[in-house]
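Before reading on, please take a moment to look over the chain from one end to the other. The report below is meant to be read beside the sequence and the model.

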Amino acid sequence: MSSFAPVDRRSFSSAVFEQIIGQILDGTLDPGSPLPSERVLTSQLGVTRQVVREALQRLDQLGLVEIRHGGSTRVRDYRSHSGLDLLPRLFQRPDGALDPEVVRSVMEMRQAVGADAAALCATRLDDTSELRQAVAELGDTDGGRALDTRFWDLVVDGSGNICYRLSLNALRQAYQPAAAVVARLLADELAAVPRYLAVIAAIDDRDPERARAAASELLAVGTTAISLFLEA
């Protein structure tokens, strides 16, 4: 049985939102179960009905609840109704621990998106000079991580696929809370300069399948490192 505590009035709808989303994602509120009425939530949380409605609207936009006008608001199964914008909430649990399944999923998708984008680059990108410049600067230990990010920005933008671009944004946002750990685990991938050059060579040769394979092999270095970390 769920229950809610009064919130600091300075936080208003954000605090209400955080309490409810926390109980949805930790399983306290099961998919299909009704939320308490607005009147009950208003009383338990110590806020106005308008504040409750604002929080419920945010949850509805994330696909976490279904608001039925004239009826009860019910919890949805986020696996069926939510999008990638929920990933940052799933990547790190409320207690601060990383969720191994979600971390692994993020890295596998990163590898898949990068490989497919590289294949599209081989058919759509005419000039790889910026890619070569990004790789030439990878030895900069202070800015190496940023330069690696730039490399994949260029690849995904060169693919001309807006879905891959938005997906890459969502994946980075997901692991932002653990960016320092992720960067450390991706160190070997970042240092694999010949693999970066292999991706560029395949793009230059207009060979999509070779570009896909080279990018997948490069990104697999990081995927494997993080998988081993999670197993340990």
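**The chain as a whole**

This is a predicted model, and its chain has 13 helices and two strands. Along its principal axes the C-alpha trace spans about 65 × 35 × 30 Å. Of the 232 residues of the chain, 41% count as buried. Among contacts between residues at least 6 apart in sequence, 64% join residues at least 24 apart.

**Two helix pairs**

Two packed helices are described by the angle between their axes and the distance between the axes. The table sets out both values for two pairs.

| Helix pair | Axes come within | Crossing angle |
|---|---|---|
| helix 12 (residues 193–204) and helix 13 (residues 208–231) | 8 Å | roughly 165 degrees |
| helix 1 and helix 3 | 8 Å | roughly 50 degrees |

The axes of helix 12 and helix 13 cross at roughly 165 degrees, and because angles over 145 degrees count as roughly antiparallel, helix 12 is roughly antiparallel to helix 13. The crossing of these two helices is left-handed. On the side of helix 12 the contact is made by R195, Y196, A198, V199, A201, A202 and I203, while helix 13 brings R210, A211, A214, A215, E217, L218 and V221. By class, the residues of this contact divide into 11 nonpolar, no polar and three charged.

Helix 1 and helix 3 cross at roughly 50 degrees, and they are therefore oblique to each other. Helix 1 passes helix 3 in a right-handed crossing. In this pair, S13, S14, V16, F17, I20, I21 and I24 of helix 1 meet V51, E54, A55, L56, R58 and L59 of helix 3. The contact of helix 1 with helix 3 has nine nonpolar, two polar and two charged residues.

In soluble globular proteins, nonpolar side chains tend to be buried together. The largest nonpolar core here has 37 residues, of which I20, I24, L59, F91, V106 and I226 touch the most other members. The elements that give two or more residues to this core are helix 1 (13–25), helix 2 (38–45), helix 3 (49–61), helix 5, helix 6, helix 9 (162–175), helix 10 (179–185) and helix 13. Apart from it lies another core, of 28 residues, among them A122, L131, A134 and A192. Leaving aside neighbours within four places in sequence, V106 is in contact with L87, F91, L171, A174 and Y175.

**Single residues**

Not counting residues up to four places away in sequence, S159 touches A117, L120, C121, R124 and Y164.

R93 lies in the loop between helix 5 (87–91) and helix 6 (100–124), and R93 is partly exposed, with a relative accessible area of 40%. Not counting residues up to four places away in sequence, R93 touches L98, D99 and P100. R93 and L25 are 68 residues apart in sequence and 9.1 Å apart in space, C-alpha to C-alpha.

R206 is found in the loop between helix 12 and helix 13, and it is partly exposed, with a relative accessible area of 39%. Most residues other than glycine have a negative phi. R206, although it is not a glycine, has a positive phi of about 55 degrees.

Conventions:
Residues are numbered from 1 along each chain as its sequence is written. This is a predicted model: local features need pLDDT of at least 70, side-chain atom pairs count only at pLDDT 80 or more; totals for chains, interfaces and linings use all residues. Side-chain values use heavy atoms; hydrogens and water are left out. Axes are lines fitted to C-alpha atoms, for helices over the stretch in contact, and angles run from 0 to 180 degrees between N-to-C directions. Helices (H or I, at least four residues) and strands (E, at least two) are DSSP runs, numbered from the N terminus. Angles under 35 degrees count as roughly parallel, over 145 as roughly antiparallel, 65 to 115 as roughly perpendicular and the rest as oblique. A crossing is left-handed if the near helix is turned anticlockwise from the far one by less than a right angle, and right-handed if clockwise. Contact means heavy atoms within 4.5 Å. Ala, Val, Leu, Ile, Met, Phe, Trp, Tyr, Cys and Pro count as nonpolar, Asp, Glu, Lys and Arg as charged, and the others, Gly among them, as polar. Buried means under 20% relative accessible area, exposed over 50%, partly exposed in between (1.4 Å probe, protein chains only). A nonpolar core is a set of buried Ala, Val, Leu, Ile, Met, Phe, Trp, Tyr and Cys residues joined through side-chain atoms within 4.5 Å.
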